[in-house]
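Below are my notes on the model you sent, as numbered points.

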Amino acid sequence: MTQQRLTERFLRYARTESQSDAAAATVPSTDSQWAFARMLVRDLTAAGATDVHLSDTCVVTAKIPGAGVGPSIGFCSHMDTVDVNLSPTLNPQVTEYTGGDLRLGSTLMRADEHPERAAYVGQTILHTDGTSVLGADDKAGVTAIMEAVAALGGQAPAGDVYVAFVPDEEIGLRGVRTIDFDRFPVDYAYTVDGGELGEVVEVTFNAATATIVIQGVSAHPMNAKGNLVNPITLGMEFASQLDPLETLEHTEGREGYIWCNHIEGNQSTCTLSLSIRDHDRAGYEEKKKRVRSLADELAHAHPRATVTCTIEDVYGNISDAKTPDNAVASQRLRAAMERLGIAIKELDMRGGTDGAWLSNQGIYTPNYFTGAHNFHSIYEFLPVPSLERCYELTLALMRGE
């Protein structure tokens, strides 16, 4: 019965479009996230939550009053689904998986290419129809939190419980940055935004975005020699100075990288966007320094061009915010998982979560599993029994168990 409720709720949420848009300048970046947020407001109210609020930046917050015993705990998930040039409309499929290849509409998900699926033979899995992502990142987290809130019936047996659903996580954690902490006054929190069953994340990247803007000098072909400064050529020169073995496609584990992920230009201007990532703070700062130095060297080599370099810190490593005072968050998480018989799988995440930003604002926020696999892909899938374990863990934490 629990698996059926979770499946029905997930399907309802996933079928509500909420893809974010990195090109937009507003928060939220898309109108569809408003529709999903209003749905969650209605669901929270029906579940007996109090102080249900929808902010002017589409952050949904609510409280489940406790008995005044124990700390105030927060739970956070993001409402947006990622834009990877697939359909923004999700059409999840439900399959009783018996093994072998899996048909995703016109695409075949081969068993030999996805051995991770073999662990779920005999289980109900949710998967895509081959045209989009599944949206388990992070509507599985939203589903688990909402189902746990409904199970509480408007009263938490220990401390107060707060929930926050935020927009635009997939495009640089833009939504969580607008959260009103007066509506999320917690001692610590959890993001429910992880992968396979048992996954616990307390280590993330330090992350920055660098933007290099090169202003050249345009000229007519009749007098271009000695006058033209081609910004696109200079952009290519800059990119060629980056370490080719320190890119996203050549690194793994705790190895950091500098990734040139976008370049566009014309006769006058060229703009490059770089992602800078490193788990280690010293390595992270060195990479930022190196990017600035390369921009300075380019400007010095081409004095008639104008080269600007802007670097913005996006989020920090969760582990850098851990202290003896807030370590209780991870201690309680691990204790609850052990009581539930869930094997813990530590992961040094090659990415970040809303909790990475919250942790560096003073609210230590580890991340734990939803049960899903293969995020940001048509091969994304979610075993329902794993989602059920996520729900059970979330409810246990809300109850102070």
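1. Strands here are DSSP runs of E covering at least two residues, numbered from the N terminus. On that basis Thr 61 belongs to strand E2, residues 60-64. The model is a predicted one, and the points below should be read with that in mind.

2. Is Thr 61 buried or exposed? Its relative accessibility is 3%, so Thr 61 counts as buried under the 20% limit. Beyond its neighbours within four places in sequence, Thr 61 is in contact with Asp 51, Val 52, His 53, Val 163, Ala 164 and Arg 183. Two of these partners, Asp 51 and Val 163, are taken up next.

3. Val 163 sits in strand E8 and is buried, with a relative accessible area of 0%. Residues up to four places away in sequence aside, Val 163 touches Leu 44, Val 60, Thr 61, Ala 62, Ile 64, Phe 75, Ile 145, Val 149, Phe 184 and Met 398.

4. Asp 51 is part of strand E1, residues 50-54. Its phi is positive, near 50°, and Asp 51 is not a glycine. Most residues other than glycine have a negative phi. Asp 51 is exposed, with a relative accessible area of 52%, a value over the 50% cut-off for that class.

5. Asp 168 also has a positive phi, about 60°, without being a glycine. Its place is the loop between strand E8 (161-166) and strand E9. Asp 168 counts as buried, at 0% relative accessibility. Asp 51, by its accessible area of 52%, is exposed.

6. Pro 28 lies in the loop that runs between helix H1 (2-14) and helix H2 (32-46). The bond joining Asp 137 and Asp 138 is cis as well, with omega about 10°. Asp 138 is in helix H3, residues 136-152. Most peptide bonds are trans.

7. Asp 138 comes up again in the surroundings of Thr 370. Thr 370 is in the loop between strand E16 (367-369) and strand E17 (381-383), and is buried, with a relative accessible area of 0%. Its contacts, neighbours within four places in sequence left aside, include Asp 138, Ala 140, Gly 141, Val 192, Asp 193, Gly 194 and Phe 375. Further along the chain, the contacts of Thr 370 include Leu 382, Ser 386, Leu 387 and Cys 390.

8. What does the side chain of Thr 370 reach at 3.4 Å? It is the backbone nitrogen of Ala 372. A polar atom of the Thr 370 side chain also lies 2.9 Å from the backbone oxygen of Gly 194.

9. How many disulfides are there? The count comes to 0. A disulfide is a covalent bond between the sulfur atoms of two cysteines. For Cys 76, the closest cysteine sulfur is that of Cys 58, and the 13 Å between them is too far for a bond; the cut-off is 2.5 Å. Cys 270 is in no disulfide either, the nearest cysteine sulfur being that of Cys 260 at 8.6 Å. Cys 76 is buried, with 1% relative accessible area, and Cys 270 is buried, also with 1%.

10. The largest pocket holds about 1700 Å³ of space. Its lining comprises 46 residues, and the closest to the pocket centre are Glu 170, Ile 171, Gly 172, Arg 277 and His 376. Elements giving two or more residues to this lining are strands E9 (188-194), E11 (206-215), E12 (257-265), E13 (269-278) and E14 (306-315).

11. Which element gives the largest share of that lining? It is E14, with 5 residues. By class, the lining of the largest pocket has 17 nonpolar, 17 polar and 12 charged residues.

Technical notes:
Residues are numbered from 1 along each chain as its sequence is written. This is a predicted model: local features need pLDDT of at least 70, side-chain atom pairs count only at pLDDT 80 or more; totals for chains, interfaces and linings use all residues. Side-chain values use heavy atoms; hydrogens and water are left out. On a 1 Å grid over the protein atoms alone, a cavity is a set of points where a 1.4 Å probe fits but cannot get out, and a pocket is an open set with protein on both sides within 12 Å along at least five of seven lines; lining residues have an atom within 4 Å of a point. Grid points are joined across faces, edges and corners, and a volume is the space filled by probe spheres set on the points. Helices (H or I, at least four residues) and strands (E, at least two) are DSSP runs, numbered from the N terminus. Ala, Val, Leu, Ile, Met, Phe, Trp, Tyr, Cys and Pro count as nonpolar, Asp, Glu, Lys and Arg as charged, and the others, Gly among them, as polar. Buried means under 20% relative accessible area, exposed over 50%, partly exposed in between (1.4 Å probe, protein chains only). A polar contact is a pair of N or O atoms within 3.5 Å; within protein, one must be able to donate a hydrogen and the other to accept it, and residues adjacent in sequence count only if both atoms are side-chain atoms. Contact means heavy atoms within 4.5 Å.
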